[in-house]
Amino acid sequence: MSSTAADRPVPLGGLLLRWSCLSYLGVVVLFPLTAVVIRALSAGPERLWKEIVNPFAWHAIRLSLTTALVMVAISVMTGTATAWVLARYEFPGKGFVNALVDLPFAVPTIVTGLMLVTLFGPTSTLGVVLSGFGLPIIYEQSGIVLALLFVCFPFVVRSVQPVLENLDPAEEEAAATMGAGRWLIFRKVTLPSLVPSIVSGAGLSFSRALGEFGSVVIVAGNRPLSTKTAPLYVYGEVEGFNVEGALAVSLVLLTCSLVSLVAASKLAERQG
Amino acid sequence: MSRSKFANRGLKSVWPILLFALILGTACRREESPSGPGEPERLTLGAFSVMREVLHDGLIPEFLRQRTESGKKPVHFEESYLASGALSRAIQGGFDADVALFSLDPDVEPLVKAGLVASDWNAGPTKGHIVRTLVVIGYRPGNPKGIADWADLTKPEVSVLYADPKTSGGARWNLMAVAAGGYWPNDVQASMTPMNPTRAEKLLADVQRNVSVMDPSGRQSLATFLRDAGDAILTYENDLVQCERLTGRPMPYVIPYRTVWIEIPAVEVSATTQANGRSELAKEFIAFLGSDSAKPIWARYGFRPMSGTGDADGLPPVPQGVVRIADMGGWKRARENVFGPEGLWSKSFLDRSAKPASQPTAAPAEKKQ
């Protein structure tokens with residue numbers, strides 16, 4: 001009467017679920033991406049290269065990468081801090097704040113853009129003050145970073161928070177009884193276990209930021225060789241009937257996203 | 001660990017989405033019934049977004065009124081408003097518009113190539129255009145920066161708005177008008193004088209240097225201007241007239257002496273009209289759009305007639321120096337000269353961002369034109 005896992009017939013339901021999920025992923029994610037890649041590659045490597053090194057395209061790609069990196073650098077710190085506060089402290093209205101964190105996902109990004117222009121725009125009080133200090137934000141590159149910070153805010157928080165909540169307090173308590181200060185405990189005991197989740201949050205934010213269009217198109221000013229990011233450039237080329245140019249830059253964006261996501265997950269795996 | 005939350009949520013959401021798609025699929029399969037003898041005739045109209053108000057609130061009601069008066073069958077209009085380029089692509093992709101209005105001629109060309117529009121669409125006296133407007137400079141009430149002509153946009157303290165010519169057909173017209181101002185100084189006669197590309201490139205570069213925002217579309221550019229960004233905006237005259245009407249805010253503008261006519265083509269998509277038997281109705285509607293009885297309605301919305309000097313009731317007089325795209329070598333050449341990879345506009349950026357040493361490299365490019 002003994003039966004091993006190998007003899008047991010695979011339950012039909014499980015098999016069905018597995019295959020339907022995989023085919024769903026294929027249809028919804030892989031198909032469109034493959035179509036873009038195939039269409040891009042069909043233009044030929046020479047043409048693609050020419051489109052990528054075109055000064056306008058190249059500047060747009062560089063701008064997207066740098067603004068995304070700056071955003072990630074800031075987000076990693078603010079996101080971890082927010083997760084820390086939410087996981088470790090009790091305060092009135094915590095439930096509300098917790099819900100607020102996800103709001104950037106729900107707001108249409110174009111609304112985000114308009115909101116930021118209203119708040120920081122050249123004629124808003126804040127904008128006038130900042131411009132007085134020589135720090136105009138809207139229609140400048142710093143405006144792009146600001147929009148990305150808003151749009152990508154939930155990623156790091158939501159990656160780190162559950163890990164922090166499930167962390168075994170025993171280690172921290174042990175460190176404390178041995179006389180370690182709070183900062184030392186955070187750096188030597190807590191942070192190492194958070195690194196995988198921080199890295200994965202950073203990877204997600206970075207990829208999301210590379211493709212961000214709706215908010216950036218409002219706050220950036222869209223000036224070529226100045227504040228035009230890669231997605232805005234792609235849009236411009238599609239509208240201008242230069243499909244190859246659009247595909248070439250899209251391919252670069254896709255590659256960067258894929259590399260960052262794979263790298264983040266590998267890194268998280270090794271650390272974890 | 002942190003991902004599993006996302007993954008679970010994703011899995012569960014598959015089924016509602018599939019179900020929704022299924023319902024949507026069945027719901028959309030309803031076929032349109034062909035118009036029977038007693039039913040009104042149908043006409044599907046595709047137009048670029050700017051046309052929405054003048055068509056929907058002004059011209060279509062007047063057209064229907066005239067038909068009722070002459071005892072003809074009523075017409076049921078199906079209107080669709082898109083960006084001009086998007087409309088062109090939609091029709092190529094199967095959108096069954098009977099009549100289409102575009103913001104510029106080149107959007108018609110692919111339809112002719114695809115055999116959807118007759119190749120003689122622009123054979124008539126007005127070259128297929130039904131109405132026109134002008135590129136103008138809008139400024140703040142009271143004109144605090146003293147803006148009267150293109151040169152005023154190059155002053156260091158002036159912040160200028162226009163849409164991105166990559167995405168906005170309107171912006172291409174706008175910049176073409178700046179180019180015209182550069183090609184020919186105000187004191188020469190355009191038809192007698194060769195174009196001066198060096199002067200045009202300088203003017204384009206100097207204006208571009210003062211640009212603070214380049215929105216994807218003309219409408220968005222106007223919205224940005226209404227949010228109090230910028231001292232001046234390059235746009236269509238009709239857009240400012242329309243904006244004043246809608247917002248109630250005064251939108252003063254000046255017509256630069258050397259600006260261009262924006263000529264708006266209306267075409268019958270013969271592939272569709274022939275399939276639906278609506279060719280006659282389509283022709284009738286297009287003829288109405290260019291007729292004398294349509295003129296006052298167009299003028300109320302800031303558009304000028306194709307005939308005569310283009311002067312219209314309630315609109316400022318047309319300056320002597322206005323040129324047509326045809327004067328600049330036609331759309332293809334004019335666009336290539338300004339917006340092509342070696343064009344004046346593209347070059348004005350690269351020359352600006354490069355070191356002064358790039359001057360010699362820019363020279364051979366000019367020969368190609």
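**Close-up views of a predicted two-chain model**

**Figure 1. His76(B) touches Pro40(B) and Arg42(B), residues up to four places away in sequence being left aside.** The model shown here and in the following views is predicted. His76(B) belongs to strand β2 of chain B, which covers residues 75–82. Between His76(B) and Pro40(B) there are 36 residues in sequence, whereas their C-alpha atoms lie 6.1 Å apart in space. His76(B) is classed as partly exposed because 13 C-beta neighbours fall inside 10 Å; a residue would need 20 or more to be buried, and 12 or fewer to be exposed.

**Figure 2. Helix α3(A) bends at Ser75(A).** The bend amounts to about 30°. Helix α3 of chain A comprises residues 55–88 and has the highest mean pLDDT among the elements of chain A, 96. The end C-alpha atoms of α3(A) are 49 Å apart, which agrees with the 50 Å that its 34 residues should span at 1.5 Å a residue. The lowest mean pLDDT among the elements of chain A, 86, is that of helix α6, residues 125–132. Chain A as a whole averages a pLDDT of 90, and 96% of its residues score at least 70.

**Figure 3. Leu65(A) lies in helix α3 of chain A.** In space, the C-alpha atoms of Leu65(A) and Leu210(A) are 6.8 Å apart, although 145 residues separate the two in sequence. Leu65(A) has 19 other C-beta atoms within 10 Å and is therefore partly exposed, the threshold for a buried residue being 20 or more.

**Figure 4. Chain A and chain B are in contact.** The contact involves 24 residues of chain A and 22 residues of chain B. On the side of chain A that touches chain B, at least two residues each are supplied by α1 (12–41), α7 (141–166), α9 (182–211) and α11 (230–239). Of these helices, α11(A) provides the largest share, 4 residues. By residue class, this side of chain A consists of 12 nonpolar, 9 polar and 3 charged residues. For the complex, the predictor gives an ipTM of 0.70 and a pTM of 0.75.

**Figure 5. Domain 1 and domain 2 of chain B meet.** Domain 1 of chain B takes in residues 41–131 + 263–300, and domain 2 takes in 133–262 + 317–368. Their C-alpha centres are 28 Å apart. Where the domains are in contact, 13 residues of domain 1 of chain B face 11 residues of domain 2 of chain B. Helix α4 (84–92) and strand β9 (261–268) of chain B each contribute at least two residues to the domain 1 side. That side divides into 5 nonpolar, 4 polar and 4 charged residues.

**Figure 6. Overall make-up and confidence of chain B.** Chain B contains 15 helices and 9 strands, and 42% of its 369 residues count as buried. Among contacts in chain B with a separation of 6 or more, 71% join residues 24 or more positions apart. The average pLDDT of chain B is 84, and 84% of its residues score at least 70. Confidence in chain B is highest in strand β8 (residues 253–254), at a mean of 97, and lowest in helix α15 (residues 359–368), at 37. The pLDDT is below 50 over residues 1–14 of chain B, a stretch with 11 contacts in the model beyond near neighbours in sequence. Residues 355–369 of chain B also have a pLDDT below 50; beyond near neighbours in sequence, this stretch makes 8 contacts in the model.

Methods: Residues are numbered from 1 along each chain as its sequence is written. Chains are lettered from A and ligands numbered from 1 in the order in which they are written. This is a predicted model: local features need pLDDT of at least 70, side-chain atom pairs count only at pLDDT 80 or more; totals for chains, interfaces and linings use all residues. Two residues are in contact if their C-beta atoms, placed from the backbone, lie within 7 Å. Ala, Val, Leu, Ile, Met, Phe, Trp, Tyr, Cys and Pro count as nonpolar, Asp, Glu, Lys and Arg as charged, and the others, Gly among them, as polar. pLDDT is the predictor's confidence in each residue, from 0 to 100. Domain bounds come from an automatic or database domain assignment. The expected span of a helix is 1.5 Å times one less than its number of residues. The bend at a residue is the angle between axes fitted to the seven residues ending there and the seven starting there.
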